[in-house]
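Look at the sequence and the structure first, then read the points below.

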Amino acid sequence: MKYNNLVISTRINDRVLVSFAANRREVNGIIIGDPFCLARARIKLFDIPRLAGEAKRANLLVSYRTPVYLTSRNLDNTVSLIESMVRDSVVDEVRIQDIGLLHRLQKISRSKIKLTWSIYGSQREFPGMDIPINQAQVDFLKSKGIQSFEVTSAVAYSILTNKYPLDFNMQVYHYKYDPVSFSRRCYTEEYAGHCRREFDDADTNLPCDEVYYLQDEEKKGMKYVMEGHRILEFPDPEEFRELIDSNMEIDTLVLEGNEIGEINDMIGMLTDNG
C-alpha cells in the first residue's frame with residue numbers, strides 16, 4: 001500500500017501523543033478530538049487549539065475530528081472552534097460527518113483547510129455488504145467541498161479485492177476493532193453504571209477505559225466488544241496485512257490505538273512490510 005501521509009490517533013489527547021508523533025519519522029501528523037466524548041480523550045474543548053498549536057510547532061499535520069452528534073447545543077461552538085483554529089493556522093484538516101456542519105464550513109477557503117468525510121458519515125457495515133458508500137454519494141459530497149473520504153481498512157480491503165470502480169481520494173482508518181454501530185448514549189455507561197465525566201487529569205479512570213466483550217448468541221463466541229459509544233467487531237488481521245502488501249494507492253493511512261504502544265506496534269508492522 002502506498003500513502004502520502006501517516007497520521008495517528010490515541011484514546012488520550014495529550015503531549016505524549018504529540019511528542020511520539022514528532023519523534024517518529026514515519027508519522028506526519030495527529031488527530032485531535034473524540035467523535036463522541038471529550039472526557040474519554042481527557043481534553044476539554046478550549047484545550048484543543050492549545051494542543052493543536054503544540055503539534056504545529058512540532059511540524060506535524062493536525063487533523064480535528066468533530067463530534068458525531070451535532071445539535072443546536074454544540075453546533076455553533078464547533079463551528080467557532082474550527083474557524084478560530086483556521087484563523088490561527090493550527091489545523092490542516094477537519095473530519096466531519098454532518099451535512100449541516102459541512103454547509104456552515106463552506107465559507108472557509110478550501111485553500112486553508114482540507115475537509116474529509118469520516119467513517120462515521122457512512123452507513124454501517126452489515127453481513128453481505130462490505131462497502132457502505134456509492135459513487136453518487138461521493139460525487140455529491142465532493143460538490144459540497146469534501147476532498148477526501150475516510151474508510152475502514154475492512155472497506156478498503158473489499159474495494160481492493162472486488163475491484164470496485166469507486167473514484168475518490170481515500171484515507172484508510174485502521175484500529176484493532178472495526179466499528180459496526182454507535183449511539184448518542186454511551187453503551188458502557190448503560191452497562192457499567194454512572195460515569196463521572198468531570199476529570200482533572202489523564203489519570204482519572206472512566207468506565208470506557210475498559211472494553212466489554214459481547215457474546216454472539218448464534219456462534220457462541222466472543223466476536224464483539226463494547227467501547228464507550230461504539231460497538232466494534234474483531235476484524236480479520238490478514239486483511240490489513242494484505243492491504244499493506246498490495247499496490248493500492250491512498251491519500252492517508254490513519255492508525256488508531258488506545259495507547260502509544262499499540263501505535264508503535266502497528267508502525268513496526270508497516271516497517272517490516274516496507
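**Spaces and selected residues**

The largest cavity holds about 210 Å³ of space. A cavity is a set of points on a 1 Å grid over the protein atoms alone where a 1.4 Å probe fits but cannot get out, and a volume is the space filled by probe spheres set on the points, which are joined across faces, edges and corners. The model is predicted: local features need pLDDT of at least 70 and side-chain atom pairs pLDDT 80 or more, while totals for chains, interfaces and linings use all residues. Residues are numbered from 1 along each chain as its sequence is written, and side-chain values use heavy atoms, with hydrogens and water left out.

**Largest cavity**
- By this rule there are four cavities of 30 Å³ or more.
- The largest cavity has 19 lining residues (those with an atom within 4 Å of a point), and Asp34, Pro35, Arg40, Arg230 and Glu256 lie nearest its centre.
- Strand S1 (2–10) and strand S12 (249–257) are the elements that give two or more residues to this lining; helices (H or I, at least four residues) and strands (E, at least two) are DSSP runs numbered from the N terminus.
- The lining of the largest cavity has five nonpolar residues (Ala, Val, Leu, Ile, Met, Phe, Trp, Tyr, Cys and Pro), seven charged (Asp, Glu, Lys and Arg) and seven polar (the others, Gly among them).

**Aspartate 34**
- Aspartate 34 is found in the loop between strand S2 (29–32) and H2.
- A polar atom of the aspartate 34 side chain lies 2.8 Å from the backbone nitrogen of phenylalanine 36.
- The backbone nitrogen of cysteine 37 also lies 2.8 Å from a polar atom of that side chain.

**Positive phi**
- Most residues other than glycine have a negative phi.
- Asparagine 59, in the loop between helix H3 (48–57) and S3, is not a glycine but has a positive phi of about 65°.
- Asparagine 59 is exposed (over 50% relative accessible area), at 71%.
- Serine 89, in the loop between H4 and strand S4 (93–96), is not a glycine either and has a positive phi of about 55°.
- Serine 89 is exposed, with a relative accessible area of 53%.

Technical notes. A polar contact is a pair of N or O atoms within 3.5 Å; within protein, one must be able to donate a hydrogen and the other to accept it, and residues adjacent in sequence count only if both atoms are side-chain atoms. On a 1 Å grid over the protein atoms alone, a cavity is a set of points where a 1.4 Å probe fits but cannot get out, and a pocket is an open set with protein on both sides within 12 Å along at least five of seven lines; lining residues have an atom within 4 Å of a point. Buried means under 20% relative accessible area, exposed over 50%, partly exposed in between (1.4 Å probe, protein chains only).
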